[in-house]
Amino acid sequence: MNLSQALEIASCTDPGIVRSHNEDSIAADAAKGLVVLADGMGGYNAGEVASGMATTVITTELQHLLEATPPYKIEPESGAPWADKLLRDQIAKANTSIFQAAQSQPQYSGMGTTLVAAVFYDNQVSVAHIGDSRAYRLRGEAFEQLTRDHSLLQEQIDSGMITPEQAKFSQNKNLVTRALGIDPAVEPEIHCHEVRIGDIYLLCSDGLNDMVADEDIGMTLQTLSANLRLAAQQLVQMANDNGGRDNVSVILVRVVRDYAAPRGWLSRLFSWLK
């Protein structure tokens, strides 16, 4: 199913003010309803390599698999949409690729990347993430974070050691507890959400939310919602205006129209046969 008429996508990525090169990587395919963002880490250009491998492996594999298997089909073992299994399997494949490259090539030792990826299908979206790259949703005037960071800071908040307000000034902002490519296996967190026409979804690296408060991100999206490309550029500009201490990347997806999967008997038959 081609979703290019149902989804509008805009993106922007920038090295920031302090860093000399960009270790973030982004990819999007509106027709397939697929967006992927990775924030690499590692010495020299290793972070750039890890994030590039993640987006390339996941996007290339999913573009093919989403053609072959309807993402809304229910996976018998888990009872979850097939999209969740597709995301989990391809993230595992990317993890193995990055881990093996880091093990076999000294210049890439210790490289890894955070990740947030989304697949839109049947008026739903499955969001997978690892680390502190985030997904948000603007629905009407409500701006909400959909992912929960895999980070030391989030664990400290959850345990009551510090408050969310204190967390804004913490020195532990960049210590992730889960990353792609660091260990032989990693478990992504995946959640499925119902979508509505008019929703705007934001995927971003921590270079945005570390520099710009959630309230300001939400307000900017509301104000510039009519022009997604301008909104993406403005968010990156705000991060840089506030110091730009890290690479900053954003992907915005607006749901323009309904994209429910066909439910005719013929399509159900083909789905079952697959």
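A strand here is a DSSP run of E that is at least two residues long, and strands are numbered from the N terminus. Keep that in mind for Arg137, which sits in strand E6, residues 134-139. One thing to know before going on: the model you're looking at is predicted.

**The whole protein**

Let's zoom out. The protein has eight helices and ten strands. Its radius of gyration is 18 Å, close to the 19 Å that the globule rule gives for 274 residues, so the protein is as compact as a globular protein of that length.

What share of the 274 residues is buried? Buried residues make up 51% of them.

**Helix H1**

Helix H1 covers residues 46-68. At 1.5 Å a residue, its 23 residues should span 33 Å, and the end C-alpha atoms are 33 Å apart, which agrees. The buried residues of H1 include Ala46, Val49, Ile58, Leu62 and Leu66. What do the buried residues of H1 pack against? Their partners are strand E2 (24-29), strand E3 (34-41), helix H2 (82-104) and strand E4 (112-121).

| Residue | Relative accessible area |
|---|---|
| Arg137 | 11% |
| Asp122 | 14% |
| Asn123 | 18% |

So Arg137 is buried, at 11%. Leaving aside neighbours within four places in sequence, Arg137 is in contact with a list of residues that includes Phe143, Glu144, His193, Glu194, Asp199 and Tyr201.

Asp122 is found in the loop between E4 and strand E5 (124-130), and Asn123 lies in the loop between E4 and E5 too. Now for their backbones. Most residues other than glycine have a negative phi. Asp122, though not a glycine, has a positive phi of about 50°. Asn123 has a positive phi as well, near 60°, and is likewise a residue other than glycine.

Notes. Residues are numbered from 1 along each chain as its sequence is written. This is a predicted model: local features need pLDDT of at least 70, side-chain atom pairs count only at pLDDT 80 or more; totals for chains, interfaces and linings use all residues. Side-chain values use heavy atoms; hydrogens and water are left out. Helices (H or I, at least four residues) and strands (E, at least two) are DSSP runs, numbered from the N terminus. The expected span of a helix is 1.5 Å times one less than its number of residues. Buried means under 20% relative accessible area, exposed over 50%, partly exposed in between (1.4 Å probe, protein chains only). Contact means heavy atoms within 4.5 Å. The radius of gyration is taken over C-alpha atoms; the globule rule is 2.2 Å times the number of residues to the power 0.38.
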